[in-house]
Amino acid sequence: MAENWKMLQQEIDAASERAVEECPDDMLRVFEYDIVRTGAGTGRLMMGPWWEGATSTRYLGSYYIFNIVKVAQDMNISAEQIRQLVNLMLPTALGTVELCDISDYARFTRQTIDCINEEIDDREDMLSLLNSLWFYGSAANAWCQYRMKWGIGLSFKVNHRDDLIYMGSRANEAFERWDHEKKEEN
Amino acid sequence: MDEPRFIIRWPELNKQVRVGPIDRNRKLFDWFMENLPARCIQTTTVVAGLSVNMQFIRMNKTVCDWIQEDMELEYIHEWPCGRGFMFMTAGNVAHLCFKVDWVTEPLAYPTFCEVIEEDKPILKEVGWFFWERLLMEKETYHVEFIREEDT
């Protein structure tokens, strides 16, 4: 049963106000303390939940909720069409956000979908709630980007043109070695 | 009469720059000014060059009534450092970026404002400071936007 949408909106707005000041707890837990309670992370490695969690957070807010709010600037888009877009676009990215244990954002989104499906019929009410979720999603996206362990990237610097030329010059060695190695029979 | 300006302030650094309109997309400048003051956390771009990135600025007073594709667009790798643009803005949320240093990305965005020449060295200084301190040290910095006339 969906919660009262106005209460949900108040909760999302309050969380958004806190997110302007401090990193939300769910993102701090995943990105700072490396705690994922869902079993996500093949081989108990955190790289997957970090990357997939941050990517799906971005998809959910900046690509899906954003585009619904944007397209709804066209007053010809009806409440029923907004509902269809919500059900078409949000669930897949939401599944990954849930799996990566970004739990508050996932719960806000899940309950928003429930409210839009079961409780809200007015177009402006739908957009009002989606707007609140869009703000929280934008904050979540910013905190993910900020909390991501970019230092890992220092181990994999972007190659310079000269590096690529050198790598290319040595590529033949790999083929030559392969040609001289004994090939196993199938 | 002088053009209106807004101030970007980084309270933890006690630094600020002044920003004025440019010769395009005045609608965006007026809309942004109308919704000030505002505050969010500071981030930077991580692909294709350095910009300071403000991804969730609440536009409390007036909902967005324009779309990016209808605005006059400029290619980011061509425009001067210090120029500001909106990106993925809708509803009551603005996403604002300022080019700090070289950018290689040949994509077009709606530019609408620019840090005044006198303050551009400050933007460059804080931009590179954030690159190190946000991404590597994980320190939190806030950014505030206020109308100059309100200071």
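Chain A is divided into domain 1 (4-154) and domain 2 (156-186), with bounds that come from an automatic or database domain assignment. The centres of domain 1 of chain A and domain 2 of chain A, taken over C-alpha atoms, are 43 Å apart.

This is a predicted model, in which local features need pLDDT of at least 70, side-chain atom pairs count only at pLDDT 80 or more, and totals for chains, interfaces and linings use all residues. Residues are numbered from 1 along each chain as its sequence is written, while chains are lettered from A and ligands numbered from 1 in the order in which they are written.

Now turn to chain B. Nine of its strands form an open sheet in the order β3-β11-β1-β2-β10-β7-β8-β5-β4, with antiparallel pairing. Strands (E, at least two residues) and helices (H or I, at least four) are DSSP runs, numbered from the N terminus. Two strands pair if DSSP finds at least two bridges between them. At the edges stand β3 (38-41) and β4 (43-44) of chain B; each has a single partner strand, so one side of each is left without a neighbour in the sheet.

Helix α6 (residues 123-147) of chain A packs on this sheet. The helix touches β3, β4, β5 (49-58) and β8 of chain B, and its direction makes about 150° with that of β5(B). Such angles run from 0 to 180 degrees between N-to-C directions; the axes are lines fitted to C-alpha atoms, for helices over the stretch in contact.

Look next at strand β10 (residues 111-115) of chain B. Five of its five residues are buried, meaning that 20 or more other C-beta atoms, placed from the backbone, lie within 10 Å of a residue's own. Strand β2 (residues 15-21) of chain B runs antiparallel to β10(B), joined by three bridges. Here B:Pro21 stands opposite B:Cys113. Strand β7 (residues 83-86) of chain B also pairs with β10(B) over three bridges, in the antiparallel sense. B:Phe85 has B:Thr111 as its bridge partner in β10(B), and B:Cys97 as its partner in β8(B).

Where do the two chains meet? The contact takes 18 residues from chain B and 17 residues from chain A. Residues are in contact if their C-beta atoms, placed from the backbone, lie within 7 Å. On the side of chain B, β3, β5, β8 and α2 (120-135) each supply at least two residues.

A:Tyr136 has several contacts beyond its neighbours within four places in sequence, among them A:Ile12, A:Tyr105 and A:Phe108.

Methods:
Buried ≥ 20, exposed ≤ 12 C-beta atoms within 10 Å, placed from the backbone. Contact = placed C-beta atoms within 7 Å.
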